Amino acid sequence: MTDLSKLRLKACLRVSTKGQVDGYGLPAQRKDVKRWARLNGVRLPDSHIVEEKAVSGTEDERPELTKLLLELAAGDIDGILFPNMDRIARELTVQEATLSVIWAYGGRAFTADRGEVEQDDPDDPMRTFVRQVMGAAAQLERGLITKRLRNGRAAKAEKGGYAYGSPQYGWASDKDKNLVEVDAEQAGRARAKELRAEGLSYEAIGQKLAEEGHKTKRGGKWHPATVARLLDDEYRERTNATNARIRNQKKEANRTEKAKRVLGKVS
C-alpha cells in the first residue's frame, strides 16, 4: 500500500442551499474525510478543510475549489481530498474537467469513499472507462430521483393540491401546503372573465383591471401576457412548456461552460 503520510492534502466539502437530494451534509462530509485521513496517516487539521456553500442561482461558482487548484499549481499542496466524486462536481463533464486540471498541475485527487482517483493511463483505457461509467451512473441516479420528485409533485397538483412554484392567480398555499382561495384575486379573475366576454383585448382587460384596483399576484403591471395566462389555460401550459425548455437549454449550456472554466485554469 502506498504511504500517503507525507502528502500535503487539503479537503474540499460542498453542499447546496437548495438542499442535498442524498442528505449528505457538511458534518457527515467532514467526518468522512477526517476518518479517511486518520486511516491513511494523512495530516488533515481543520484549517486544511474548506467548505463551499453554493447559493441558489450561483452554483456555477467554485471559489474554494479554485483556491485549492491555485495552491496546487503553486506547489503549496500535493493533492485534494473530496468526500466523494459528487463533491468534485455533480455533472460528469465538470468532474472530468476538474480531474484534468489537478493532474495537469501534477497533483493527486482522492475521495474518502474510494481512495485515490488514479490518473488516466493510455495503456489502461479500462481505468478511464470505469470511472466515467460510474460517474454517468451516479448522474443518472440523481436524475431519476429528481424525476420521481417532479412526478410526485405533478400527481399532487393533478389532485388539486399545491405542489410547487407560485400558485395560480386566485389561490395561495396555507401552512399545510393546501390551496386556498384568495378573495381579492378571485374577484379579479371573475372581473377579467366578464371583460373578456364583452370582447375586450387582453391589453384592454389589463388596463381596466388596474383602473378598478385589481392587483396582480406580485403587485406589478397587468401585461397582456399576464392576462392571457389568467384566462387561457392552453396559453399558460404552452408558456410553461416553453419556459421549461429554455431552462433545460440554459442548464446544458451552463454545464459546458463550467467545464470550460475549470479547464481554463490550466496554465
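Reply:
**A loop residue and its surroundings**

Setting aside neighbours within four places in sequence, N84 is in contact (heavy atoms within 4.5 Å) with Y24, T111 and D113. Before going on: this is a predicted model, with local features needing pLDDT of at least 70 and side-chain atom pairs counting only at pLDDT 80 or more, while totals for chains, interfaces and linings use all residues. Residues are numbered from 1 along each chain as its sequence is written, and side-chain values use heavy atoms, with hydrogens and water left out.

N84 is found in the loop between β3 and α3; helices (H or I, at least four residues) and strands (E, at least two) are DSSP runs, numbered from the N terminus. Its relative accessibility is 14%, so N84 counts as buried. Buried here means under 20% relative accessible area, exposed means over 50%, and partly exposed is in between (1.4 Å probe, protein chains only).

As background, nonpolar side chains tend to be buried together in soluble globular proteins.

Now take the helix that holds L69. α2 (residues 63–74) has twelve residues and reaches 17 Å from first C-alpha to last, close to the 16 Å expected at 1.5 Å a residue; the expected span is 1.5 Å times one less than the number of residues. L65, L68, L69 and L72 are its buried residues. Seen down the axis, they fall within an arc of 100°, so they line one face of α2; the arc is that of the directions from the helix axis to the C-beta atoms. The face turned away carries the exposed residues L70 and A74. Following α2 is G75, with a positive phi near 80°.

α1 has 14 residues and reaches 20 Å from first C-alpha to last, close to the 20 Å expected. L26, Q29, V33, W36 and A37 are buried in α1, and because they cover an arc of only 100° around the axis, they sit on the same side. P27, K31, R38 and L39 are exposed on the other side of α1. Just after α1, G41 takes a positive phi of about 70°.

That leaves the rings. There are two aromatic pairs in the structure; rings of Phe, Tyr and Trp (its six-membered ring) pair if their centres lie within 6.5 Å, with planes under 30 degrees apart counted as stacked, over 60 as edge-to-face and the rest as tilted. W36 and F110 make a tilted pair, 5.4 Å centre to centre with 50° between the planes. This pair links distant parts of the chain, with W36 in helix α1 (residues 26–39) and F110 in strand β4 (residues 108–111), 74 residues apart. W36 counts as buried at 8% relative accessibility, and F110 does so at 1%.
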